[in-house]
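Biologist: Could you take me through this model and, for each label you use, set the value against its definition?

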Amino acid sequence: MPELPPGQRKIPDFIVYRILGQPEIDINQWRLEITGKVENRLSFTYKELLNMRQVEYVSDFHCVTGWSVEKVRWSGVSTRELIELSKPLKGVKWGYIYSADGYTTIVPYEDLISEQSIIALKMNDQPLEPEHGYPARLFIPHLYGWKSAKWIVKIELTDTYKDGYWEALGYHQRGNVWKDERFKKI
Ligand SMILES: Nc1nc2c(c(=O)[nH]1)N[C@H]1C(S)=C(S)[C@@H](COP(=O)(O)O)O[C@H]1N2
Ligand SMILES: [Mo]
């Protein structure tokens, strides 16, 4: 049995968080944009994402408050594949993530384009439930859940760090679950 990361305990199901409320999504208006330090700014519809190559794997989900949900099946588009289409410029160090509710977070570029980083369209073989981020959420298995922005609308590639919602309140720049990176070091 693979172990849980330090300080985590298993619970049976997700606890839904929507710190800025549940956004109304009109699927015909919704887009996922890739902007910032890129050669090509891109914008994808939900249908376009569904028509791209889908990746799928099973992985645990870890919230920084200490709960973990084991063996969630994720499927969607590889974040790396999507980003490569935008032709990122040299010097990109961070991905700043925007959600439809105004939520933001920031992820090191290296983690954003890591092997299992996914723009998840499905959880456990079903399209995401509205409360879990329909139509799409970012998921990176080795980063804490607050980096898994629900109702994602934009990825901005940048060379400069800036806090997202939780980072501004003291949460870690990277948030690696295996390194226990919960809070910024002072
Ligand atoms: N837009 C948005 N994304 C979000 C959050 C949020 O409040 N708003 N909460 C984050 C946190 S702290 C966690 S642990 C997970 C929880 O995912 P769930 O609501 O699907 O259980 O969503 C993350 N993504
Ligand atoms: Mo969380």
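Modeller: By class, 15 nonpolar, four polar and four charged residues line the largest pocket. This is a predicted model, in which local features need pLDDT of at least 70 and side-chain atom pairs pLDDT 80 or more, while totals for chains, interfaces and linings use all residues. Residues are numbered from 1 along each chain as its sequence is written, and side-chain values use heavy atoms, with hydrogens and water left out.

Biologist: What volume does the largest pocket have, and which residues are closest to its centre?

Modeller: Its volume is about 420 Å³. Of the 23 lining residues, Y17, Y103, G145, W146 and W166 are the closest to the centre.

Biologist: Why is H172 called buried?

Modeller: Buried means under 20% relative accessible area, computed with a 1.4 Å probe on protein chains only, with exposed over 50% and partly exposed in between. H172 has 10% relative accessibility and therefore counts as buried. H172 lies in the segment after β11 (152–158), and its contacts (heavy atoms within 4.5 Å), not counting residues up to four places away in sequence, include W146, E167 and F183.

Biologist: Which backbone atoms lie at a stated distance from an oxygen atom of ligand 1?

Modeller: A backbone N or O atom of Y17 lies 3.0 Å from one, and a polar backbone atom of I19 is 2.9 Å from one.

Terms used: Chains lettered and ligands numbered in written order. 1 Å grid on protein atoms, 1.4 Å probe; cavity = no way out; pocket = protein on both sides within 12 Å on 5 of 7 lines; lining within 4 Å. Points joined across faces, edges and corners; volume = space filled by probe spheres on them. Nonpolar A, V, L, I, M, F, W, Y, C, P; charged D, E, K, R; others polar. Helix = DSSP H or I, 4+ residues; strand = E, 2+ residues; numbered from the N terminus. Polar contact = N/O pair within 3.5 Å; in protein donor to acceptor, adjacent residues only side chain to side chain.
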